[in-house]
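Please read it beside the sequence and the coordinates.

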Amino acid sequence: MSRLRAIRHCPDCGQTPSPDPLGRLLCACPGKPWAWDGGYPGTDEERKKIESCGFELTTDAAGEVYYCWNGHILYLFSDGTWDSDKAPNGMTLEEYLNSVSAVQGEIP
Ligand SMILES: [Zn+2]
């Protein structure tokens, strides 16, 4: 797994775009369009590894595909990038999954 972290902040306003109630991705810049490919499950190998860390693959009503675990949302994108709302900047996907596994070990 050698995915790059998806860059999800606006170079102009610095905000991370977030979906509005209609599912459109918006930052603080009025009318700025953001592409959103909605995520995908990744390769079989990636899916096995991620599910073995406790994540569950989910497809929501808007058709977005992502993994959930304990309030964490993990996206894989078809352009080879990934993102999680809970992973610190600079963390690799491997490190992130390892950190999740470590935390899980502490949950009784
Ligand atoms: Zn912006």
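What percentage of the 108 residues of the protein chain count as buried?

1. **Burial and basis of the note.** The share that counts as buried is 16% of the 108 residues. A residue is called buried if 20 or more other C-beta atoms lie within 10 Å of its own, exposed if 12 or fewer, and partly exposed in between, with C-beta atoms placed from the backbone. This is a predicted model, in which local features need pLDDT of at least 70 and side-chain atom pairs count only at pLDDT 80 or more, while totals for chains, interfaces and linings use all residues. Residues are numbered from 1 along each chain as its sequence is written.

2. **Secondary structure and overall dimensions.** The protein chain has two helices and seven strands, arranged along the sequence as β-β-β-α-β-β-β-β-α. The radius of gyration of the protein chain is 14 Å, close to the 13 Å that the globule rule gives for 108 residues, so the chain is as compact as a globular protein of that length. Helices (H or I, at least four residues) and strands (E, at least two) are DSSP runs, numbered from the N terminus. The radius of gyration is taken over C-alpha atoms, and the globule rule is 2.2 Å times the number of residues to the power 0.38. Along its principal axes, the C-alpha trace spans about 45 × 30 × 30 Å.

3. **Contacts along the sequence.** Two residues are in contact if their C-beta atoms, placed from the backbone, lie within 7 Å. Among contacts in the protein chain between residues at least 6 apart in sequence, 46% join residues at least 24 apart.

4. Five strands form an open sheet in the order 1-7-6-5-4, and the pairing is mixed. Strand 1 (4-5) and strand 4 stand at the edges with a single partner strand each, so one side of each has no neighbour in the sheet. Two strands pair if DSSP finds at least two bridges between them. Strand 1 and strand 7 run parallel and are joined by two bridges; here Arg5 stands opposite Trp82 in strand 7.

5. **The hairpin of strands 4 and 5.** Four bridges join strand 4 to strand 5, and the two run antiparallel. Thr59 has Val65 in strand 5 as its bridge partner. Five residues lie between the strands of this hairpin, where Gly63 takes a positive phi near 85°. Ala61 lies in the loop between strand 4 (56-59) and strand 5 (65-69). Ala61 is exposed because 6 other C-beta atoms lie within 10 Å. The C-alpha atoms of Ala61 and Trp82 are separated by 21 Å, the two residues being 21 residues apart along the chain.

6. **The hairpin of strands 5 and 6.** Strand 5 and strand 6 run antiparallel with three bridges, and Cys68 has Ile73 in strand 6 as its bridge partner. The hairpin has two residues between the strands. Asn70, in the loop between strand 5 and strand 6 (72-76), has a positive phi of about 50° although it is not a glycine. Most residues other than glycine have a negative phi. Asn70 counts as exposed, with 11 C-beta neighbours inside 10 Å.

7. **The hairpin of strands 6 and 7.** Three bridges also join strand 6 to strand 7 (residues 81-84), which run antiparallel. Leu74 stands opposite Ser84 in strand 7. Four residues separate the strands of this hairpin, and Gly80 in the turn has a positive phi of about 90°.

8. **The nonpolar core.** A nonpolar core is a set of buried Ala, Val, Leu, Ile, Met, Phe, Trp, Tyr and Cys residues joined through C-beta atoms within 7 Å. The largest one has twelve residues, including Ile50, Phe55, Leu74, Trp82 and Val100. Strand 5, strand 6 and helix 2 (93-106) are the elements that give two or more residues to this core. Helix 2 gives the most, with four residues. Leaving aside neighbours within four places in sequence, Phe55 is in contact with Ile50, Tyr67, Cys68, Trp69 and Leu74.

9. **The loop at Arg24.** Arg24 lies in the loop between strand 2 (18-19) and strand 3 (25-26). With 11 C-beta neighbours inside 10 Å, Arg24 is classed as exposed. Arg24 and Trp34 are ten residues apart in sequence, and their C-alpha atoms are 8.0 Å apart in space.
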